[in-house]
Amino acid sequence: EAPFLNDFQMSLLKAICKGLSSTEIGKIFNKSPRTIEEHRNNLYKKFGVRTKEELITAVYERNLIQNL
């Protein structure tokens, strides 16, 4: 079962799955790379994973993102 995600978290997940860096994502959302890293770490906790690769796998296994 997927954790509840708000609109920002879903947008962040999509950006992560597209392979964007924290710096690139920060520019999109007008946030610092460090802030993006904090949000990314919160997603890791929500999904019970430790790496970006594990997060992406969890997202696709749960069919959270259909089209990138």
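**View 1. Pro-3 and its contacts with Lys-46 and Phe-47.** Leaving aside residues up to four places away in sequence, Pro-3 touches Lys-46 and Phe-47; contact here means heavy atoms within 4.5 Å. This is a predicted model, in which local features need pLDDT of at least 70 and side-chain atom pairs count only at pLDDT 80 or more, while totals for chains, interfaces and linings use all residues. Residues are numbered from 1 along each chain as its sequence is written, and side-chain values use heavy atoms, with hydrogens and water left out. Pro-3 sits in the segment before helix H1; helices (H or I, at least four residues) and strands (E, at least two) are DSSP runs, numbered from the N terminus. With a relative accessibility of 23%, Pro-3 counts as partly exposed. In these legends, buried means under 20% relative accessible area, exposed over 50%, and partly exposed in between (1.4 Å probe, protein chains only). Pro-3 and Ala-58 are 55 residues apart in sequence, and 11 Å apart in space from C-alpha to C-alpha.

**View 2. Gln-9, a buried residue of helix H1.** Look for Gln-9 in H1, where it counts as buried at 13% relative accessibility. Its contacts, not counting residues up to four places away in sequence, are Phe-4, Leu-43 and Lys-46.

**View 3. The largest nonpolar core, with 16 residues.** A nonpolar core is a set of buried Ala, Val, Leu, Ile, Met, Phe, Trp, Tyr and Cys residues joined through side-chain atoms within 4.5 Å. Here, Leu-13, Leu-43, Phe-47, Leu-55 and Val-59 touch the most other members. Helices H1 (7–17), H3 (33–47) and H4 (52–61) are the elements that give two or more residues to this core. H1 gives the most, with five residues. Take Val-59 for a closer look: not counting residues up to four places away in sequence, Val-59 touches Leu-13, Cys-17, Phe-47, Leu-64 and Ile-65.

**View 4. The two sides of helix H4, with buried residues and exposed ones.** Leu-55, Ala-58 and Val-59 are the buried residues of H4. Seen down the axis of H4, they fall within an arc of 100°, so they line one face of the helix; the arc is that of the directions from the helix axis to the C-beta atoms. H1 and H3 are included in what covers these buried residues. On the other side of H4, Glu-53 and Glu-61 are exposed.

**View 5. Helix H2 packing against helix H3.** H2 (residues 22–29) and H3 meet at an angle of about 100°, with their axes 8 Å apart. Axes are lines fitted to C-alpha atoms, for helices over the stretch in contact, and angles run from 0 to 180 degrees between N-to-C directions. The two helices H2 and H3 are therefore roughly perpendicular to each other, a term for angles of 65 to 115 degrees. From H2, the contact is made by Ser-22, Thr-23, Ile-25 and Gly-26, and from H3 by Pro-33, Ile-36, Glu-37 and Arg-40.

View 6. Asn-30 is exposed, with a relative accessible area of 72%. Just after H4, Asn-63 takes a positive phi of about 55°. Asn-63 counts as exposed at 53% relative accessibility.

Conventions
Angles under 35 degrees count as roughly parallel, over 145 as roughly antiparallel, 65 to 115 as roughly perpendicular and the rest as oblique.
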